Amino acid sequence: MILKVLGTAAAEGWPALFCECEACRKARKSGGKEIRRRASYQLGNTIHIDWGPDSYNSMITFGLDYSGLGHLLVTHAHPDHWMPIELSWRRPGFSQLPEESLLNIYGNAKVEQRLLAELDGPPEEYAMSFSQIEAFAELDLGDATAVALPSMHAPDQQAFIFLLEVGARRVLIGHDTGWFADEVWEYLASRRLSYVLLDCTYGTNDLREGHMGGAAVIETARRLEELGALAKDCRLIATHFSHNCLKMHDELAEYFAPHDIEVAYDGMEVEV
């Protein structure tokens, strides 16, 4: 099963909408890996993580077919990760869905509030359901399972990161979090992770509250290894970058290379 990284930017995107900083100017000129949409992922054809303002663009750019989606995990209710108005087009008259289509949405209380505020009727009218999730709860996603782990982000709500399990492989989707809480370290110990994607909003700057920078990413990877949480062939990947870090893709790759950490880019695929 393929995990496709659809977006690797922080809230403003990269280049940011109205910005003329050096990093945004370079991104507009260079294109390619320097163009970063807001963070989201798709696992196979049925599982999606976060639904922000670039979902339509991702569908067109990467040739996705959302009609078969069955499960949508939402980390938290910030608009760069949760844009529920786009789901209103599932309603009859706007879309013809497969006969037995049902999109199961999972998130916190604020995710549910924003969803209901955007819809003109109950989720059932849109062939959707909503389940409020709790920390460390296991979710059955059909082709995979997911465990919601508490994130150190958005103190006004319970944000999550997700541990996905597909067969014998485990993938940690770890954007939008600062340094992990003690109970998360304890849970991840000896989990034998195959892929770890970590928040690097601050680029090479050493920050770790709400988001992380490069030093915290490196230290997180080191501690996971010490805890026995990494499989022998684990791939470590930094993602979720702000243009304010002022480091382009090649510069970030050079910074992380000595630590065997890859730098994500939009359209990156890993086989789970």
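This is a predicted model: local features need pLDDT of at least 70, side-chain atom pairs count only at pLDDT 80 or more; totals for chains, interfaces and linings use all residues.
Me: Why is the contact of Arg235 with Glu262 called a salt bridge?

Reply: The closest N and O atoms of Arg235 and Glu262 are 2.7 Å apart, and since a side-chain nitrogen of Arg needs to be within 4 Å of a carboxyl oxygen of Glu, the pair meets the criterion and is therefore a salt bridge. Arg235 belongs to strand S12 (residues 230-239) and Glu262 to strand S13, so the pair ties together parts that are 27 residues apart in sequence. Glu262 has a relative accessible area of 28%, and is partly exposed.

Me: How do you know that Asp266 forms a salt bridge with Arg37?

Reply: The closest N and O atoms of Asp266 and Arg37 lie 3.0 Å apart, and because the cut-off is 4 Å, this pair qualifies as a salt bridge. The pair links distant parts of the chain, 229 residues apart, with Asp266 in the loop between strand S13 (261-263) and strand S14 (269-271) and Arg37 in the loop between helix H1 (22-30) and strand S2 (40-43).

Me: Why are Asp266 and Arg37 called buried?

Reply: Asp266 has a relative accessible area of 12% and Arg37 one of 14%; buried means under 20%, so the word applies to Asp266 and also to Arg37.

Me: What makes Arg91 and Glu125 a salt bridge, and where do the two residues lie?

Reply: The closest N and O atoms of Arg91 and Glu125 are 3.0 Å apart. Arg91 lies in the loop between strand S4 (71-73) and strand S5 (103-107), whereas Glu125 lies in the loop between helix H3 (109-118) and strand S6 (128-132), so the pair ties together parts that are 34 residues apart in sequence. Arg91, at 24% relative accessibility, counts as partly exposed, and Glu125 is likewise partly exposed, with a relative accessible area of 38%. Arg91 and Glu125 are also linked with Asp120 in a network of salt bridges. By this rule the count comes to 12 salt bridges.

Me: Which residues have the most contacts inside the largest nonpolar core?

Reply: The largest nonpolar core has 40 residues, and those with the most contacts inside it are Trp14, Leu149, Leu172, Leu188 and Val196. Helix H5 (residues 214-226) supplies the largest share of this core, 5 residues. Another core, of 27 residues, lies apart from it, with Leu139, Leu141, Ala144 and Met268 among them.

Me: What lines the largest pocket?

Reply: The largest pocket is lined by 15 residues, of which Trp51, Tyr66, Glu86, Arg90 and Ser95 lie nearest its centre, and the volume of the pocket is about 320 Å³. The lining divides into 9 nonpolar, 4 polar and 2 charged residues, and helix H2 (residues 55-62) gives the most to the lining, with 3 residues.

Note on methods. Residues are numbered from 1 along each chain as its sequence is written. Side-chain values use heavy atoms; hydrogens and water are left out. Helices (H or I, at least four residues) and strands (E, at least two) are DSSP runs, numbered from the N terminus. Buried means under 20% relative accessible area, exposed over 50%, partly exposed in between (1.4 Å probe, protein chains only). A nonpolar core is a set of buried Ala, Val, Leu, Ile, Met, Phe, Trp, Tyr and Cys residues joined through side-chain atoms within 4.5 Å. On a 1 Å grid over the protein atoms alone, a cavity is a set of points where a 1.4 Å probe fits but cannot get out, and a pocket is an open set with protein on both sides within 12 Å along at least five of seven lines; lining residues have an atom within 4 Å of a point. Grid points are joined across faces, edges and corners, and a volume is the space filled by probe spheres set on the points. Ala, Val, Leu, Ile, Met, Phe, Trp, Tyr, Cys and Pro count as nonpolar, Asp, Glu, Lys and Arg as charged, and the others, Gly among them, as polar.
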